[in-house]
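Q: Could you take me through one part of this protein slowly? I would like a close look at its nonpolar core and the residues around it, with every term explained.

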Amino acid sequence: MNAVAENNHTQADLNRMGAKGLKAVLNILDKWGCSPEQSMSILRLPKATFYKYRSKPESIRLDRDQLSRLSYLLNMHQSLRIVFENRDNVYGFMSKKNHNPFFNGRAPLDVISSGEFADLYETYKRVDTLRGGLW
């Protein structure tokens, strides 16, 4: 076990935060209409691990990339909650086709389902900009 991780968090701290974050993210992904396959790709989790963590989030052991993915997804959700008052828009935005240049008619959910970290990051930047975030 790594005694001290980034920001002076122990591995146990990261695991606890990861378990809480994963539980929230899985709920959000479900509300966005993600299939299990899309969720696995977005979170970069193998099938067996995905279902294990889904049923026992306290058993989680995520790497920095996966923790970053949780953070971006939670922040996107928060941005959508700030921008939209209507629950249908908060949860429906990610599955609606978007004709802005980066998305080119694709839904943000389709973009992040590639599993590529860069796609998740670029989508996060654009969603965050909706609420007035600066880049």
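A: Let's start with the secondary structure: the protein has seven helices and zero strands. Here, helices (H or I, at least four residues) and strands (E, at least two) are DSSP runs, numbered from the N terminus. Reading from that end, the order of elements is α-α-α-α-α-α-α. The radius of gyration is 15 Å, close to the 14 Å that the globule rule gives for 135 residues, so the protein is as compact as a globular protein of that length. That radius is taken over C-alpha atoms, and the globule rule is 2.2 Å times the number of residues to the power 0.38.

A word on where these values come from. This is a predicted model, in which local features need pLDDT of at least 70 and side-chain atom pairs count only at pLDDT 80 or more, while totals for chains, interfaces and linings use all residues. Residues are numbered from 1 along each chain as its sequence is written, and side-chain values use heavy atoms, with hydrogens and water left out.

Now to the inside. Of the 135 residues, 41% count as buried. Buried means under 20% relative accessible area, exposed means over 50%, and partly exposed lies in between (1.4 Å probe, protein chains only). In soluble globular proteins, nonpolar side chains tend to be buried together. In this model, the largest nonpolar core has 30 residues, and those with the most contacts inside it are Leu29, Trp32, Leu43, Leu73, Met76, Met94 and Ile112. Such a core is a set of buried Ala, Val, Leu, Ile, Met, Phe, Trp, Tyr and Cys residues joined through side-chain atoms within 4.5 Å.

Which helices build this core? At least two core residues come from each of H1 (11-31), H2 (36-43), H3 (47-55), H4 (64-83), H5 (87-92), H6 (108-112) and H7 (117-130). H1 supplies the largest share, six residues.

Let's zoom in on Ile112. Leaving aside neighbours within four places in sequence, Ile112 is in contact (heavy atoms within 4.5 Å) with Trp32, Ile42, Leu73, Met94, Asp119, Leu120 and Thr123. Over the whole protein, among contacts between residues at least 6 apart in sequence, 53% join residues at least 24 apart.

His77 has its place in H4, and counts as buried because its relative accessibility is 8%. Not counting residues up to four places away in sequence, His77 touches Ile28, Trp32, Val90 and Tyr91. Trp32 is also on the list of partners of Ile112.

Arg44 has a positive phi of about 55° although it is not a glycine. At 36% relative accessibility, Arg44 counts as partly exposed. Asn104, in the loop between H5 and H6, has a phi near 50°, again a positive value in a residue other than glycine. With 59% relative accessibility, Asn104 counts as exposed.
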